[in-house]
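Here is a short report on one protein model.

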Amino acid sequence: MFVLCALLVVLANGTVSAKVNEQAIQDREINLVWSANHGQGEQVFFSNYQKNTWSIPVQISDSEEHVFQPVSSVGDDGKIWIVWTGLLKNKRLLQFSVYDVSSWSKPRQIDTGMDDNRAATLIIDIDNTPWIAWTATDESYSDVFWSRWNGKNWDVSVKAHSDNSVPDTHPALAVDESGHVVLSWQTYADGKYITVSQRWDGEQWQGLSHVSAQTIRKQKKQKSEELPEIPTFIKERYKAKIFIKDTIGAGAVPLSQF
C-alpha cells in the first residue's frame, strides 16, 4: 500500500527454498517494535533478530499515559532509533529514544509545534542522519510533516506538500537501493485516495512519477515465509512494525501486512 522502497523483493522464479530464505534472513538487519500492556499500561517494546532468534523484549517507554504507533530504524553506526506517539494532557506528542553502544536513552519529546501528532515514520539515511515524517492537524485536515536530526535536536517541522483542503495521511519513509530517502503518503484527489511519492536529491524533494511509485510498491511485496517466524510475544500485529535493512534498501512495514 505504501512506498517503502525495494526492501522486500519477490524472487523472479516465484519459489524460495528454505536454505535461501535462511541465508537471506541472516544477511538482513531485522527488528520489531510494538506497543503492549504487560501490567504497566501500554508501553513501547523492542526486539531484534540475531543468530536465528528474537531477543528478549526490552521496554523502551515508561509512561503513565497511553503510547502508540512506534516505529524503529537502524543506521550503519549501529544506533537504533525509535519514535512513537504519547498522550500528555490530551495532547498527542512525538517521543523518541536511542540505543547507543549499550543502553537506551531516556525518552525525550520532539517539539513539532503542534498538539496532534500521529502515524510517525522513521528512517536513517546512509550518512546516519535520522529522518521522521508524521501526520498532524494544525487546521481542519491532517497534513504530512517531516524533520531530520541535526546532531543535537530535530529541525523545525516542514510540511511535505503545498497547502490543500484534503486529508493527507499514512506517511512512509524509506531508503531506496540508490541510498536516497523516499517519502510517500496518501492524499485525496479526483474522488479517491492516491499515493504521492518524492525522493530527496540532497537539497530538495523531487516528485516520483506514477510509474516509479508503482514499481516500488510492487517490489515491496514478498511472501511471509521470506521473513523470520514472528515471535509469540507479539499478540496484536496491528500494533507492531518490522524494520528490515539489506543491500537494496531499508524501511519499516506494519506487521499486519504479513
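## Overview

The protein's secondary structure consists of two helices and 19 strands. Helices (H or I, at least four residues) and strands (E, at least two) are DSSP runs, numbered from the N terminus. This is a predicted model, in which local features need pLDDT of at least 70 and side-chain atom pairs count only at pLDDT 80 or more, while totals for chains, interfaces and linings use all residues. Residues are numbered from 1 along each chain as its sequence is written, and side-chain values use heavy atoms, with hydrogens and water left out.

Of the 258 residues in the protein, 48% are buried. Buried means under 20% relative accessible area, exposed over 50%, and partly exposed in between (1.4 Å probe, protein chains only). The protein exposes about 13,100 Å², and carbon and sulfur atoms supply 48% of that area. Accessible areas come from the Shrake-Rupley method with a 1.4 Å probe; for residues, only the protein chains shown count as cover. Among contacts with a separation of 6 or more, 48% are between residues 24 or more positions apart. Contact here means heavy atoms within 4.5 Å.

## A four-stranded open sheet

Four strands form an open sheet in the order β10-β11-β12-β13, and their pairing is antiparallel. β10 (117-124) and β13 (158-159) are at the edges with a single partner strand each, so one side of each has no neighbour in the sheet. Two strands pair if DSSP finds at least two bridges between them.

Inside this sheet, antiparallel strands β11 (residues 130-137) and β12 (residues 142-148) are joined by seven bridges. A133 sits opposite W146 of β12.

## Aromatic pairs

The whole structure holds 19 aromatic pairs. Rings of Phe, Tyr and Trp (its six-membered ring) pair if their centres lie within 6.5 Å; planes under 30 degrees apart count as stacked, over 60 as edge-to-face and the rest as tilted. Two of the stacked pairs are tabulated here.

| Pair | Centre distance | Plane angle |
|---|---|---|
| W131 and W146 | 5.6 Å | 20° |
| W134 and F145 | 6.2 Å | 25° |

W131 lies in strand β11 and W146 in strand β12, 15 residues apart. Both W131 and W146 are buried. W134 is in strand β11 and F145 in strand β12, so this pair ties together parts eleven residues apart in sequence. W134 counts as buried at 0% relative accessibility. F145 counts as buried at 6%.

Elsewhere, one aromatic cluster is formed by W81, F96, W149 and W154.

How many residues of strand β19 (residues 249-254) are buried? Six of its six residues are buried, so the strand is mostly covered. G249, G251 and V253 point one way, whereas A250, A252 and P254 point the other way.

β19 pairs with β18 (residues 240-246), antiparallel, through six bridges. These two strands form a hairpin with two residues between them. I244 has G251 of β19 as its bridge partner. Strand β14 (residues 168-175) also pairs with β19 in the antiparallel sense, over two bridges. There, A174 stands opposite G251.

## A buried aspartate

D176 lies in the loop between β14 and β15 (181-189). With a relative accessible area of 4%, D176 is buried. Its side chain makes a polar contact with the side chain of R199, at 2.9 Å. A polar contact is a pair of N or O atoms within 3.5 Å; within protein, one must be able to donate a hydrogen and the other to accept it, and residues adjacent in sequence count only if both atoms are side-chain atoms.
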